[in-house]
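Here is a short briefing on ring contacts, charges over rings, cavities and loop geometry. Please keep the structure open while reading.

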Amino acid sequence: MKREHETVTDGQGERAPGSYAFGPFVLLPERQLLLQGQTPVRIGSRALDILTALVERPGEVVTKQELFARVWPGRVVEEDNLKVNMVALRRLLREGSDTQYVATVTGRGYRFVAPVRAFGRSGAPPGVGNTGKRNHNLPNGTTRVVGRTEAIEAVRRELADCRLISLVGPGGIGKTTVALAVAEQCIAAMKDGVWLVELAPLKDPSLVANVLAAAIGLTAHSANMLAALCEYLRDREMLIVLDSCECEHIIDAVAACAERLLTDTAGVKILATSREPLRLKGERVRRLPGLDLPPDSAGLLASDALAFPAVQLFVERATDRVESFVLSDADAPVVADICRRLDGLPLAIELVATRVDMLGIGGVLEQFDRRFHLSIQRRAGPERHRTLMAAIDWSHDLLSESEQRAMRRLSVLAGSFVLASARAVALDLSTERDTVVDDLANLVEKSLVAADPRDAEVEFRLLDTTRAYAYEKLIAADELDAARRRHANHFLEVARQAKARIDMLGRDEWLDCYGAKIDDIRDALNWALSSPRDAALGIDLTVAAFPFWGQLSLLEECRLAVERALEERFETVRTDRQNLVLKLALGSTLLHTRGPQLRVKSSFAEALAISEALGDMTAQLQALRGLAEYELWTGDSHSAIAVAEKIGAIADSGPGATRSDADAHAGSALSWLGALAASRQRLENIVHRRIDSDPRCGAARFEFDQRLTARGSLATVLWLQGFPDRATEMARLQLAEAEASNYAVSLCYALVHGSLVVSLYVRDYVAAGHYLDRGVGHATRHGLTIWRAMATCVQTRLNLYTHRPIDLAAHLAAMAEVRESGFRMRYPNYLTNYGEALARAGDLRGGLACIDEAIALSEERGQVVGIPEMLRIKGNVLCSAMPDAVEQAVQCYRQSIDRARRDDALSWELRSAASLVKLLRRHGGDDEAEDMLQTAYGQFREGFSTGDLIRARELIEIRRESAARSR
C-alpha cells in the first residue's frame, strides 16, 4: 500500500512542523501532547518521545540506536525498555481497524508507515486548543472502551446529584474501565481534582486511610489518619475513585472510611468499584451487565454482528493479534456463539480473542467444545464468576511453559510494576533474562497483563482476578516462598536505592519514582516478618523503608512497623546497628505523633548508649538532638543545655559534626532561662550558617530542621531585646522556609510558635488572626491534635487582647491535652491566659491562683523569660477587678520591670512601664514611673509602628503636652 506524507510549511518554503496529524490522532511535540480528536490521550513521556521520533521521519527506518539517543539521552538503557514501550505504544494507537502505524524492521529499528500531515509552527489542525494542567492521577489508557457509552454517561449524570455511586458486578465485567472513563470526564468539573485509589494491593484494613491519603497527596503526621483526611477534605471539591473495594478483609474498613468522609465533607464524591455494594446510606448502586450480544441465529451476517459491543470487542482484540483479521459472514455466527458462551464478559472475551492467531475462529470453538465447559463444571460460585475463571484457566493452559511460569511469579507483585521488578521476581537460575521480557510482552498482548506507559517507563499490572488465579498456581507449583523471597530482596534493594537518591531528587520527583513502591514494601515486610527463616530480611526492610514513611508522611505507620521490628521475638536476628536506627526512629516518630512521652526519652537514651558502644558519632548526635528536643518540649531548659553541651563536645572532637547542632538547642533553652544575649549569639550561629554546610539534610530524617526552629526562637529573642522589625522579618523567613519544606510539623511550628506569637508581640491582631486560622486549619487537616490544642490556648490570648468571647471549657480541655502529652514548655503561658480569662469571667480568686501557679512553675524550672509578662498581667487583673488593690498592682508592675531589666528584655520593660504609668496617672501620677517609660522607649531604634511603641509614645506625648500647658 502506498503511503503518502504531506508537509505544510511555514510559508517560507522551509519545513518547520509544529504538529502532526495521522489517522484520528494529532501530535503536538512542543506541548508534549497527543490528541485523539479533541481528547488528550494519556501517554507517558517516553512513549511520546518514541512516537515523535518516528512521526518526524515517516516512511524512514529509525534505528534503535537513534531512539535510545533521543528518548534516553546520556543514559545506558537496555533494549528491553524500548521493546516494552513499543508494545504499549502499539496498543495505545491501535483503534480496531486495519490501519498499521508502526512496522518493525527486524534487526534495525522501526518505521512509521501511516500517512502523516505535518503542520507549520504557525498552524495547527483545526479545533486544537490549549489544554489545562492535569489534576488527577489516572493511568494512561491504552485501549478503547467498547460498549459502555450509555453506562458511562449515566454514571456521570448521576454524580451530579449523588455523592456515592458503586459500580457492582463480577470480576472481568469492566467496572474499573467504566469508573476510569467516568473519572476522566469529571476532571474539568472537580475543582480539586480526580484521584484514583487502588485498593487491590492492600492487605491491612487499618491502612485504608493511609492509602487514600497517599493517593490524593496529603502529607499528615498523624496518629489518626482518617481524622486528618476528613479535615483536609472538608472544604474541597473532589472525586475519589475507590477501586477494588470487594476484598473480604478490607471492604468493611473501606465502607467505614467512605462513610466518615461523606459525613464530614460536603464537596467530596466517591465512585467505588466492587463485587458487592458498600451498603451505606445514600449509596446508589449501578450493576454492570455483560456486553450486548447478538441473537442466536445461524444466518447472522458480519455487518449485523458488528453492531453488538461483545462482537466489536472480540474483533478488536483479534485484530490486535492478527492485523489482517476481518470478520467474515461465515465466522460471524461462530464469534457470536463464543461471546454468548462467555456471558458478554469483557475480560473473558479479550482472553479468548487473543487466541485467534494461534487457533483460528474454528480452533477457538473446538477448544470450547473440548475443554471450556469442563472447566466451568469444575468450579463453584456464581455463573459469571465460573465463566471468567474458566476463560482464564483456558487461556492459561494455552500459554507456553515459560509464560505460565512468568505469570504465576508476577502474582507476588502488589500492584503496578516495572520491567526491573518483573525480572527480579520471575528470574531464577533456570530462566533466561530475555525470556522474561518476551513473556511479559506476550502476556500483555494476550490481555493477561495490562500495560500503562507512564512518564518514566512503562508500568504493568496483573488484573485483580488474574493475579488471584496466578497466585493459586504459584502455591500449587510450590514456588511461593522462593518467589516471595526474590520479591522481598528486590524491594530491599529498591528501598536502599530510594534512600540513596532522597537528597538528589525533589520530593515530588522522588515520589514519582518510588512512592507507589510502598504497597510492595508493605507486602514484603509482612511476609518476611511472618517467616522465621526470613525475619532478618524483614528487619533490613523495616530500616530501609524509613524514607518511604517519611516522604509519604506516614509517621504513625512507621512507628507501628518499628515497634513490630523491635519485638522481643526478633531480638536474636537484630544487629546492634539495627537496634540503634530502630530506637532512633521510634523516639522520633513517637515525639512527633504522640508528644514528649517518657518512651521518647528512653528510646533516645538507649540509642545513645548503643551509638557510644559502636563509636558512631553521627548516631550519637542524632540521639542527643532527640534528647535535647525532648527536654525542651517538656520545659526542662537546664537539661536541654546539658545535652547541648554533650553535642558541642562531639562537634569539637568529631569529624563531620557541626557546632550548630549544639547551638540550636542551647540557644532555645537559654532564651527560656532569660539569657537573651547568649541565646541570640547561639541562634544566629545556626541561622546565618551556609545551608549546604549541614551534612544531615534530607527528608529521610524524622527531625525538625534546626535552622528553621532556630529562626522561630531568634524571632522571639529579637523582639524581647527590642527589635520588633527584625523579629517580624525573622518570623517571615521562618514561615517561608517551613512552607517550602513540605513538612507538616515544621509548618505548624512556624505558624503557631513563630508568626502567630510574634504578631501578638507587636500587637498586629489582624495578622495574628490570619496566622491562627492557618495554624488551626493546618493542624486539623494533618491530624496534629496537640498543635491544635496549643493554638487554642494562644487563641485565648488573642481574644483577651481584642475583647472577644472566650470559651473557657475549650481552653481548659486544650491545656489538659498539652499537659498530659508532656508539652510543658509553654504550659505556664497558657495557664496565665486561662487565669486572666477566668478573672474576667468573674472568678478573681481562681484567676489569680492560676497566674501564681504559672509563675511558680516557671521559677521552679528556671523558665523565667516569661515571668515579667505574667507579673504585668497579674497587675492588670488586680487593678481591673479590685480598685482598692492599687499597691499590689504597682508592686507587680515594678517587679516585672526589675526582672525584665535583669534579663535585658527591653520589650517586657516597656510594656510593664506603660501599664504602671497608666495606673498611676489615675491616682495622681508618678515621676519615677514616667521616667522609667521614657528611658525604656529611648532605647528603641526600630519598631515604632508596632503596638507597644505606639502606646508608649502616646503616653509620653500626653505628659509633654501636659507639662507644656502647665508652663
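A charge sits over a ring if NZ of Lys or CZ of Arg is within 6 Å of the ring centre and within 35 degrees of the ring normal. The charged end of Arg 763 sits over the ring of Tyr 801 in this way, 5.0 Å from the ring centre. The model is predicted. The structure holds 19 aromatic pairs and seven cavities of 30 Å³ or more.

**Arg 763 and the ring of Tyr 801**

- Arg 797 also lies over the face of Tyr 801, at 5.1 Å from the ring centre.
- Arg 763 belongs to the loop between H33 and helix H34 (765–781).
- Is Arg 763 buried or exposed? Its relative accessible area is 13%, and buried means under 20%, so Arg 763 is buried.
- The side chain of Arg 763 makes a polar contact of 2.5 Å with the side chain of Asp 948.
- The backbone of Arg 763 has a phi near 60°, a positive value in a residue other than glycine.

**Aromatic pairs**

- The search of the whole structure gives 19 aromatic pairs.
- One of them joins Phe 22 and Phe 25, with 5.6 Å from centre to centre and 35° between the planes. This pair is tilted.
- Phe 22 and Phe 25 are both buried.
- How are the rings of Tyr 761 and Trp 908 arranged? Their centres are 5.9 Å apart and their planes stand at 90°. Planes over 60 degrees apart count as edge-to-face, so that is the class of this pair.
- The Tyr 761 and Trp 908 pair links distant parts of the chain, 147 residues apart. Tyr 761 lies in helix H33 (residues 744–761) and Trp 908 in helix H41 (residues 906–921).
- Tyr 761 has a relative accessible area of 16%, so this residue is buried. Trp 908 is buried as well, at 6%.
- Phe 22 and Phe 25 also belong to one aromatic cluster with Tyr 101 and Phe 112.

**The largest cavity**

- The structure has seven cavities of 30 Å³ or more. The largest holds about 670 Å³ of space.
- How many residues line the largest cavity? The lining has 38 residues.
- Trp 672, Val 757, Tyr 761, Arg 826 and Asn 829 lie nearest the centre of the largest cavity. Tyr 761 is also a partner in the edge-to-face pair with Trp 908.
- Which helix supplies the largest share of the lining of the largest cavity? H31 does, with eight residues.
- The helices that each supply at least two lining residues include helix H27 (617–633), helix H29 (660–672), helix H31 (706–721) and H33.
- By residue type, the lining of the largest cavity divides into 20 nonpolar, 13 polar and five charged residues.

**Positive phi at Ser 244**

- Ser 244 has a phi near 70°, a positive value in a residue other than glycine.
- Ser 244 lies in the loop between strand S12 (238–243) and helix H8 (251–264).
- The relative accessibility of Ser 244 is 2%, so Ser 244 counts as buried.

**Contacts across the sequence**

- Val 745 lies in helix H33. Val 745 is buried, with a relative accessible area of 1%.
- Val 745 and His 592 are 153 residues apart in sequence. In space they are 7.6 Å apart, C-alpha to C-alpha.
- Val 864 is in the loop between helix H38 (844–861) and H39. At 11% relative accessibility, this valine counts as buried.
- How far apart are the C-alpha atoms of Val 864 and Gly 674? The separation is 5.9 Å, for residues 190 apart along the chain.
- Leu 300 sits in the loop between strand S14 (284–287) and helix H9 (302–305). Its relative accessibility is 8%, so Leu 300 counts as buried.
- Leu 300 and Ala 330 are 30 residues apart in sequence, with 8.6 Å between their C-alpha atoms.

Conventions:
Residues numbered from 1 in each chain as written. Predicted model: local features only at pLDDT ≥ 70, side-chain atom pairs only at ≥ 80, totals over all residues. Heavy atoms only, no water. Phe/Tyr/Trp six-rings, centres within 6.5 Å; stacked < 30°, edge-to-face > 60°. Buried < 20%, exposed > 50% of the residue type's maximum accessible area, 1.4 Å probe, protein only. Helix = DSSP H or I, 4+ residues; strand = E, 2+ residues; numbered from the N terminus. 1 Å grid on protein atoms, 1.4 Å probe; cavity = no way out; pocket = protein on both sides within 12 Å on 5 of 7 lines; lining within 4 Å. Points joined across faces, edges and corners; volume = space filled by probe spheres on them. Nonpolar A, V, L, I, M, F, W, Y, C, P; charged D, E, K, R; others polar. Polar contact = N/O pair within 3.5 Å; in protein donor to acceptor, adjacent residues only side chain to side chain.
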